[in-house]
Amino acid sequence: MTDLINQKILSHEEMKILDADKVDEYMQELNDRWEALENPPIMIRAKYKFPDFVEAMKFVNKVADIAEKEGHHPDITIHYNKVEITLWSHFINGLSVNDFIVAVKIDNI
């Protein structure tokens, strides 16, 4: 296992698309709610359900704080009390370690 929670986000120049074995390895470090989506580009997604809209928004604001601090931003969809987070590295059109670093930090909210 790696120590994703303590890793630093890579610059665009340092980013590389992860191979399937590395994606599988990093998926083991995430909460079970995360799934890899195989449609090109490959992405990871987690779905959350909260008691109400206010709690969902509190969570989204915490995700936004992480994204801003890390400089790596997920796609966020909100449907009243349901939140969907999708991560992928737009710059390289695929998954990078950055996506997993942010996902682990979201898991620790």
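Reply: A residue counts as buried when its relative accessible area is under 20%, as exposed when it is over 50%, and as partly exposed in between. The model is a predicted one.

Me: Why is Lys-105 called buried?
Reply: Its relative accessibility is 16%. The limit for a buried residue is under 20%, so Lys-105 counts as buried.

Me: What makes the contact between Lys-105 and Glu-70 a salt bridge?
Reply: The side chains of Glu-70 and Lys-105 come to 2.7 Å, N to O. The criterion is a side-chain nitrogen of Lys or Arg within 4 Å of a carboxyl oxygen of Asp or Glu, and the pair therefore qualifies. Glu-70 belongs to helix 2 (residues 53-70) and Lys-105 to helix 3 (residues 97-107), so the bridge ties together parts that are 35 residues apart in sequence.

Me: Is Glu-70 buried or exposed, and how do you know?
Reply: Glu-70 has a relative accessible area of 15%. Since the limit is under 20%, Glu-70 is buried.

Me: Why is helix 3 described as largely enclosed by the rest of the structure?
Reply: Of its 11 residues, 10 are buried, and the description follows from that count. Among the buried residues are Val-97, Phe-100, Ile-101, Val-104 and Ile-106. The elements against which the buried residues of helix 3 pack are helix 1, strand 1, strand 2, helix 2 and strand 4.

Me: How do you know that Arg-45 and Glu-35 form a salt bridge?
Reply: Their side chains meet at 2.5 Å, N to O, and the cut-off is within 4 Å; the pair therefore meets the criterion. Arg-45 lies in strand 2 (residues 43-49) and Glu-35 in strand 1 (residues 34-37), so the bridge ties together parts that are 10 residues apart in sequence.

Me: Which burial terms apply to Arg-45 and to Glu-35, and why?
Reply: Arg-45 has a relative accessible area of 17%, which is under 20%, so Arg-45 is buried. Glu-35 has 32%, a value between the limits of 20% and 50%, so Glu-35 is partly exposed.

Me: What makes Lys-22 and Glu-25 a salt bridge?
Reply: The closest N and O atoms of Lys-22 and Glu-25 are 3.3 Å apart. Because the cut-off is within 4 Å, the pair counts as a salt bridge. Lys-22 and Glu-25 both lie in helix 1, 3 residues apart, about one turn of the helix. An α-helix has 3.6 residues a turn, so residues three or four places apart point the same way. Both partners are partly exposed, Lys-22 at 30% relative accessibility and Glu-25 at 31%. The structure holds 4 salt bridges.

Me: Why is Ile-17 called exposed?
Reply: Its relative accessibility is 51%. An exposed residue must be over 50%, so Ile-17 counts as exposed. Ile-17 lies in the segment before helix 1 (20-27).

Me: What does Ile-17 contact beyond its sequence neighbours?
Reply: Leaving aside residues within four places in sequence, Ile-17 is in contact with Ile-92, Asn-93, Gly-94 and Leu-95. Ile-17 and Ile-92 are 75 residues apart in sequence and 6.6 Å apart in space, C-alpha to C-alpha.

Me: What makes the phi of Asn-93 worth noting?
Reply: Phi is positive, at about 55°, although Asn-93 is not a glycine. Asn-93 sits in the loop between strand 4 and helix 3. Its relative accessibility of 46% lies between 20% and 50%, so Asn-93 counts as partly exposed.

Me: Where is Tyr-80, and why is it called exposed?
Reply: Tyr-80 is in the loop between strand 3 (75-79) and strand 4. Its relative accessible area is 52%, and the requirement is over 50%; Tyr-80 is therefore exposed. Its phi is near 55°, a positive value in a residue other than glycine.

Me: How do you know that Thr-86 is buried?
Reply: Thr-86 has 9% relative accessibility, and the limit is under 20%, so Thr-86 counts as buried. Thr-86 is in strand 4 (residues 82-87). Not counting residues up to four places away in sequence, Thr-86 touches Met-43, Ile-44, Arg-45, Pro-74 and Asp-75.

Notes:
Residues numbered from 1 in each chain as written. Predicted model: local features only at pLDDT ≥ 70, side-chain atom pairs only at ≥ 80, totals over all residues. Heavy atoms only, no water. Helix = DSSP H or I, 4+ residues; strand = E, 2+ residues; numbered from the N terminus. Buried < 20%, exposed > 50% of the residue type's maximum accessible area, 1.4 Å probe, protein only. Contact = heavy atoms within 4.5 Å.
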